[in-house]
Amino acid sequence: MSQAVEKVLFLNPPGKVWVYSDGTPSSRKHSMPPIGIAYIAANMRRHGYRAAIMDMQIEGYEHEVYEHPFIVYGSPFADVQARIEAEKPDMIGISAMFSMLFPQISELCAQIKQAFPGMPIVLGGYHVTGAPGETMKDPNIDYVVPFEAEENFVVFLNALNGKMPITDVPHLWWRDEDGGVQHNRSGAKPKAEGDGWSYFLRKDTGAPMDLDGLPFPAWDLVPLEQYWEKSVRIGGGDIMRARYLVMTSSRGCPHVCDFCSSPLISGYKGYRMRTVESVVAEVRWLVDTLGVEEIHFLDDNFHVGKDRVKELLRIFIRDFPDTYFCVSGGSEINLLDDETIDLMAEAKFYKVLLSVESGDPEVQQEKVDKKVKLDRAWEVIERFKKRGVEVRVLFMIGFPNETRAQIDRTVDMATSMDLDDFQLSIVTPMPGTPLFDYCKENDLFIENFSINDIRFSKPNLKLPDTTPDELENLRRTVWKESFEARRGRLLVEGGAERKKKFLKSEEYERVAFNSVTQSQAK
């Protein structure tokens, strides 16, 4: 099987936000440069292929459509069609990171096939890695390249160009000439697997083992200026410095929490770190060449390896005194000693997101592989606050079989801490994880549950003594009450005072949304 492919146009799909019945969005607009496809594009170019990127989310950020009960924002298909006609690619690649976006991605694939018959479409990302078989039920999708795909994607292209058999591409899903779905596990035996999930060792996934050997992301293909113009950042966070970018110093995680997709896409305990020299070289490139003023690390677990982390922080203090930093993926409390906290503050890590997950000791022991030391959390928060670092904490409620008393312990912990903000997510079983299988086997999904309608603000599970409506209302009410109590607070960040403009919670939730679309949603 061969199909000449020299150039691929990658699409980062539109964003999507669920809307409450009163017209209030359940979260702020998301805005993050697509580092995954930027890495793949860079490695493609290294191997003689050509790549282009259309970031529909940011290029059409102001274009909103209300599709009950969601606001979808991003480039309309007319713009996509024009880009395809201009770029003349041999294939379209689409990033499918989030399950809730799959209906829009599926519609996009259908539109592409109608406008460009015969155009091959390949998908990658967290969702399709967890549900490749379900993905391939869509007849408009021709290929799925799962896991971390920088190296595998080049192998895939080599196969399409007749340099090797398609059956030699690790874990590839594809259609044969008759339209039948085929897949290849390359004979690798999973480290652990269930009914709908398989955790392979990192060496068996095809994920890059030598992270230092990868080229830096192809940011020249992404309209960075459009990101820098926006006031909302990763996860709905506020702007600190205009020119920001994202990067990673490591990949994977040594833990295997059954609700997390990291061991699915990066491999079972698939933690790999870049050398200090490599990380510093990329920071230098971002600062000196691209003029970046703020860097967000997207590592699954940035603080693994205390000595390495401290060495990095000391270099940041010495060599990048005017650059601000943040770990947007959450920080593991058990790895944060006092020296690390002090160095982070000195290095202008102006905000920290701490991953507590649950405030109930029993849930912590049974459901969270990190086994967060809850007593230590209070000490860590106090020390960060004393050093002028903004502190936000990530909590989860609604674990399988979790009682209302256990949920309340987490809520009480969130509201009693001296925090600048917290995120109270509802436990969400992701396709391809052990948690998903457990909930399916024990009939815990609520009626009409769909893997294509997954969002962290909506209950998905039946609980012993808390209804879905009660859980949803609790999540929203607790956050809103806490938000109002924090308004007008003076924060000290990175050694420099700045007034944090806390609006009313309703205004905060509506930042960057089009008022016309908002009125339609009511």
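Arg 404 is partly exposed, because its relative accessibility is 27%, a value between the 20% and 50% cut-offs. In this predicted model, Arg 404 forms a salt bridge with Asp 408, and the closest N and O atoms of the pair are 3.0 Å apart. Asp 408 is also partly exposed, with a relative accessible area of 27%.

Both Asp 408 and Arg 404 belong to helix 16 (residues 404-416), where they are four residues apart, about one turn of the helix. An α-helix has 3.6 residues a turn, so residues three or four places apart point the same way.

## Other salt bridges

Across the whole structure, a search finds 33 salt bridges. One of them joins Asp 22 to Arg 476, with 3.1 Å between the closest N and O atoms. This pair connects distant parts of the chain, 454 residues apart: Asp 22 lies in the loop between strand 2 (15-18) and helix 1 (35-46), and Arg 476 lies in helix 18 (residues 468-486). Arg 476 has 17% relative accessibility and therefore counts as buried, whereas Asp 22, at 37%, counts as partly exposed.

Another salt bridge pairs Asp 319 with Arg 318, with closest N and O atoms 2.7 Å apart. Arg 318 is exposed because its relative accessibility is 61%, while Asp 319 is partly exposed, with a relative accessible area of 27%. A network of salt bridges links Asp 338, Asp 342, Arg 376, Glu 379, Arg 383 and Arg 387.

## Overall fold and dimensions

The protein contains 20 helices and 22 strands. Its C-alpha atoms fill a box of roughly 60 × 55 × 50 Å along the principal axes. The radius of gyration is 22 Å, which agrees with the value near 24 Å that a compact globule of 522 residues would have.

Of the 522 residues, 61% count as buried. When contacts between residues at least 6 apart in sequence are considered, 74% join residues at least 24 apart.

## Surface and charge

The protein exposes about 20300 Å², and carbon and sulfur atoms supply 49% of that area.

## Helix 7

Helix 7 (residues 150-160) is largely enclosed by the rest of the structure, because nine of its 11 residues are buried. The buried residues are Glu 150, Asn 152, Phe 153, Val 154, Phe 156, Leu 157, Asn 158, Ala 159 and Leu 160. After helix 7 comes Gly 162, which has a positive phi, near 80°.

Gly 291 sits in the loop between helix 11 (276-288) and strand 16 (294-297). With a relative accessible area of 26%, Gly 291 is partly exposed.

Leaving aside residues up to four places away in sequence, Gly 291 touches Arg 243 and Leu 286. The C-alpha atoms of Gly 291 and Tyr 244 are separated by 8.7 Å, although these two residues are 47 residues apart along the chain.

Definitions and conventions:
Residues are numbered from 1 along each chain as its sequence is written. This is a predicted model: local features need pLDDT of at least 70, side-chain atom pairs count only at pLDDT 80 or more; totals for chains, interfaces and linings use all residues. Side-chain values use heavy atoms; hydrogens and water are left out. Helices (H or I, at least four residues) and strands (E, at least two) are DSSP runs, numbered from the N terminus. The radius of gyration is taken over C-alpha atoms; the globule rule is 2.2 Å times the number of residues to the power 0.38. Buried means under 20% relative accessible area, exposed over 50%, partly exposed in between (1.4 Å probe, protein chains only). Contact means heavy atoms within 4.5 Å. Accessible areas come from the Shrake-Rupley method with a 1.4 Å probe; for residues, only the protein chains shown count as cover. A salt bridge is a side-chain nitrogen of Lys or Arg within 4 Å of a carboxyl oxygen of Asp or Glu.
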